[in-house]
Amino acid sequence: GAIVMTTAERAKDLQHKPAYITGFASNNQPGNTIYDVSGVDRKDVQVAELYEGVLQFIWYWLEKLEFCGKGEAHSFSQDGRISLGGELPITTFGGSQGEGRLHGMGHIREGAMQVMGRAGERQVPNVEHCVVAVGFEWIAGYILMLSSEQGL
(Lines give C-alpha, C1' and ligand atoms only; values in the text may rest on other atoms or scores of the structure.)
Protein backbone atom coordinates (compact mmCIF):
# COMPACT_ATOMS: atom_id res chain seq x y z
CA GLY A 1 0.00 0.00 0.00
CA ALA A 2 0.97 3.59 -0.44
CA ILE A 3 -0.34 6.91 0.75
CA VAL A 4 0.26 10.10 -1.19
CA MET A 5 0.57 13.13 1.05
CA THR A 6 0.87 16.74 0.01
CA THR A 7 0.20 20.19 1.37
CA ALA A 8 -3.36 21.35 1.91
CA GLU A 9 -2.78 24.11 -0.63
CA ARG A 10 -1.77 21.68 -3.35
CA ALA A 11 -4.54 19.22 -2.45
CA LYS A 12 -7.14 21.84 -3.42
CA ASP A 13 -6.04 21.48 -7.06
CA LEU A 14 -6.22 17.69 -7.22
CA GLN A 15 -8.83 15.80 -9.22
CA HIS A 16 -10.44 14.21 -6.16
CA LYS A 17 -11.59 15.74 -2.91
CA PRO A 18 -8.80 15.22 -0.34
CA ALA A 19 -8.92 13.70 3.13
CA TYR A 20 -7.16 15.91 5.66
CA ILE A 21 -5.33 14.62 8.72
CA THR A 22 -6.85 16.86 11.38
CA GLY A 23 -5.48 15.02 14.38
CA PHE A 24 -2.89 12.50 15.51
CA ALA A 25 -2.34 10.77 18.85
CA SER A 26 -0.32 7.85 20.11
CA ASN A 27 -2.36 4.85 21.16
CA ASN A 28 -0.80 5.03 24.64
CA GLN A 29 -2.49 8.40 25.25
CA PRO A 30 -6.04 8.63 26.62
CA GLY A 31 -8.69 7.98 23.94
CA ASN A 32 -10.16 11.46 24.17
CA THR A 33 -6.80 12.98 23.12
CA ILE A 34 -7.71 12.52 19.44
CA TYR A 35 -10.89 14.55 19.92
CA ASP A 36 -9.01 17.30 21.72
CA VAL A 37 -6.22 17.63 19.13
CA SER A 38 -8.53 17.39 16.10
CA GLY A 39 -11.36 19.56 17.40
CA VAL A 40 -13.81 16.82 16.35
CA ASP A 41 -16.34 15.56 18.89
CA ARG A 42 -16.80 11.78 19.03
CA LYS A 43 -20.51 12.21 18.19
CA ASP A 44 -19.45 13.80 14.88
CA VAL A 45 -17.46 10.73 13.76
CA GLN A 46 -19.41 8.81 11.09
CA VAL A 47 -16.98 5.93 10.51
CA ALA A 48 -14.32 4.20 12.62
CA GLU A 49 -11.59 2.11 11.02
CA LEU A 50 -10.40 0.10 14.02
CA TYR A 51 -7.46 -2.28 13.85
CA GLU A 52 -8.48 -5.85 14.62
CA GLY A 53 -5.49 -8.13 14.25
CA VAL A 54 -7.52 -10.07 16.81
CA LEU A 55 -11.27 -9.40 16.60
CA GLN A 56 -11.60 -8.46 20.28
CA PHE A 57 -9.40 -5.43 19.59
CA ILE A 58 -12.50 -3.73 18.16
CA TRP A 59 -14.13 -3.86 21.59
CA TYR A 60 -10.96 -2.38 23.11
CA TRP A 61 -11.02 0.52 20.65
CA LEU A 62 -14.77 1.18 21.05
CA GLU A 63 -14.22 1.61 24.78
CA LYS A 64 -10.88 3.47 24.57
CA LEU A 65 -12.29 5.96 22.05
CA GLU A 66 -15.33 6.39 24.32
CA PHE A 67 -17.99 5.32 21.86
CA CYS A 68 -19.28 3.31 24.81
CA GLY A 69 -18.41 2.82 28.48
CA LYS A 70 -15.96 0.31 29.95
CA GLY A 71 -17.34 -3.21 29.64
CA GLU A 72 -20.10 -2.11 27.22
CA ALA A 73 -18.46 -2.76 23.84
CA HIS A 74 -20.03 -6.18 23.36
CA SER A 75 -23.58 -4.88 23.80
CA PHE A 76 -22.77 -1.67 21.88
CA SER A 77 -21.72 -3.72 18.85
CA GLN A 78 -24.95 -5.74 18.65
CA ASP A 79 -27.97 -5.42 16.35
CA GLY A 80 -26.11 -4.02 13.33
CA ARG A 81 -24.96 -0.90 15.16
CA ILE A 82 -21.38 -1.20 13.80
CA SER A 83 -22.31 -2.63 10.40
CA LEU A 84 -22.34 -0.74 7.12
CA GLY A 85 -25.61 1.20 7.37
CA GLY A 86 -25.49 1.12 11.18
CA GLU A 87 -25.06 3.97 13.64
CA LEU A 88 -21.24 3.71 13.61
CA PRO A 89 -19.87 1.59 10.74
CA ILE A 90 -16.64 -0.10 11.80
CA THR A 91 -13.79 -1.30 9.59
CA THR A 92 -15.88 -1.06 6.42
CA PHE A 93 -13.34 -2.76 4.13
CA GLY A 94 -13.24 -6.06 6.01
CA GLY A 95 -10.21 -5.18 8.09
CA SER A 96 -7.18 -7.32 8.77
CA GLN A 97 -9.43 -10.34 9.11
CA GLY A 98 -10.86 -9.86 5.61
CA GLU A 99 -7.96 -8.33 3.71
CA GLY A 100 -4.83 -9.53 5.43
CA ARG A 101 -2.60 -8.20 8.15
CA LEU A 102 -0.97 -5.09 6.76
CA HIS A 103 -0.81 -3.59 10.27
CA GLY A 104 -3.09 -0.65 9.64
CA MET A 105 -2.37 0.25 6.03
CA GLY A 106 -5.82 -0.88 4.90
CA HIS A 107 -7.44 1.02 7.76
CA ILE A 108 -5.76 4.29 6.75
CA ARG A 109 -6.58 3.74 3.08
CA GLU A 110 -10.23 2.94 3.80
CA GLY A 111 -10.59 5.89 6.17
CA ALA A 112 -9.25 8.24 3.51
CA MET A 113 -11.48 6.69 0.83
CA GLN A 114 -14.55 7.09 3.07
CA VAL A 115 -13.77 10.77 3.70
CA MET A 116 -13.07 11.37 0.00
CA GLY A 117 -16.37 9.69 -0.93
CA ARG A 118 -14.57 7.07 -3.04
CA ALA A 119 -15.31 3.82 -1.18
CA GLY A 120 -17.76 2.51 -3.78
CA GLU A 121 -20.35 0.05 -2.49
CA ARG A 122 -18.87 0.38 1.00
CA GLN A 123 -19.36 4.16 1.06
CA VAL A 124 -21.02 5.59 4.15
CA PRO A 125 -23.06 8.64 3.06
CA ASN A 126 -21.77 12.15 3.80
CA VAL A 127 -18.66 11.24 5.79
CA GLU A 128 -17.03 14.30 7.31
CA HIS A 129 -14.91 12.58 9.97
CA CYS A 130 -13.38 9.14 10.27
CA VAL A 131 -11.24 7.97 13.17
CA VAL A 132 -8.53 5.42 12.38
CA ALA A 133 -7.01 3.49 15.29
CA VAL A 134 -4.13 1.07 14.83
CA GLY A 135 -2.28 -1.05 17.35
CA PHE A 136 -3.42 -2.23 20.75
CA GLU A 137 -2.77 -1.58 24.40
CA TRP A 138 0.70 -3.21 24.29
CA ILE A 139 1.28 -2.96 20.52
CA ALA A 140 2.74 0.35 19.32
CA GLY A 141 0.21 2.29 17.29
CA TYR A 142 -1.58 5.55 16.65
CA ILE A 143 -4.93 7.21 16.23
CA LEU A 144 -5.70 9.53 13.29
CA MET A 145 -8.65 11.78 12.62
CA LEU A 146 -9.34 12.14 8.91
CA SER A 147 -11.69 14.92 7.88
CA SER A 148 -13.26 16.34 4.75
CA GLU A 149 -12.33 19.90 5.72
CA GLN A 150 -8.91 21.27 6.61
CA GLY A 151 -8.49 22.16 10.31
CA LEU A 152 -11.39 22.98 12.52
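Which strands does helix α3 (residues 57-64) lie across? In this predicted model, helix α3 lies across β2, β3 and β4 (139-147), and its direction makes an angle of about 125 degrees with β3.

**View 1. The four strands form an open sheet.** The strands follow the order β1-β4-β3-β2, and their pairing is mixed. At the edges are β1 (20-26) and β2 (47-50), each of which pairs on one side only, while the twist from one strand to the next averages 15 degrees.

**View 2. Strands β2 and β3 run parallel.** Four bridges join β2 to β3, which covers residues 129-136. Val47 has Cys130 in β3 as its bridge partner.

**View 3. Helix α6 lies across β2, β3 and β4.** This helix, made up of residues 105-116, runs at about 10 degrees to β4, whereas helix α3, which also lies across β2, β3 and β4, runs at about 125 degrees to β3.

**View 4. Ring pairs link six named residues into a cluster: Tyr51, Phe57, Tyr60, Trp61, Phe136 and Trp138.** The count of aromatic pairs in the model comes to seven. One of them is formed by Tyr60 and Trp61, an edge-to-face pair with 5.1 Å centre to centre and 70 degrees between the planes; both Tyr60 and Trp61 are buried.

**View 5. Phe136 and Trp138 form an edge-to-face pair.** Their ring centres lie 5.2 Å apart, and the pair counts as edge-to-face because the planes stand at 85 degrees, over the cut-off of 60. Phe136 counts as buried because its relative accessibility is 11%, whereas Trp138, at 64% relative accessibility, counts as exposed.

Conventions:
Residues numbered from 1 in each chain as written. Predicted model: local features only at pLDDT ≥ 70, side-chain atom pairs only at ≥ 80, totals over all residues. Heavy atoms only, no water. Pairing = 2+ DSSP bridges. Helix = DSSP H or I, 4+ residues; strand = E, 2+ residues; numbered from the N terminus. Axes fitted to C-alpha atoms, helices over the stretch in contact; angles between N-to-C directions. Contact = heavy atoms within 4.5 Å. Phe/Tyr/Trp six-rings, centres within 6.5 Å; stacked < 30°, edge-to-face > 60°. Buried < 20%, exposed > 50% of the residue type's maximum accessible area, 1.4 Å probe, protein only.
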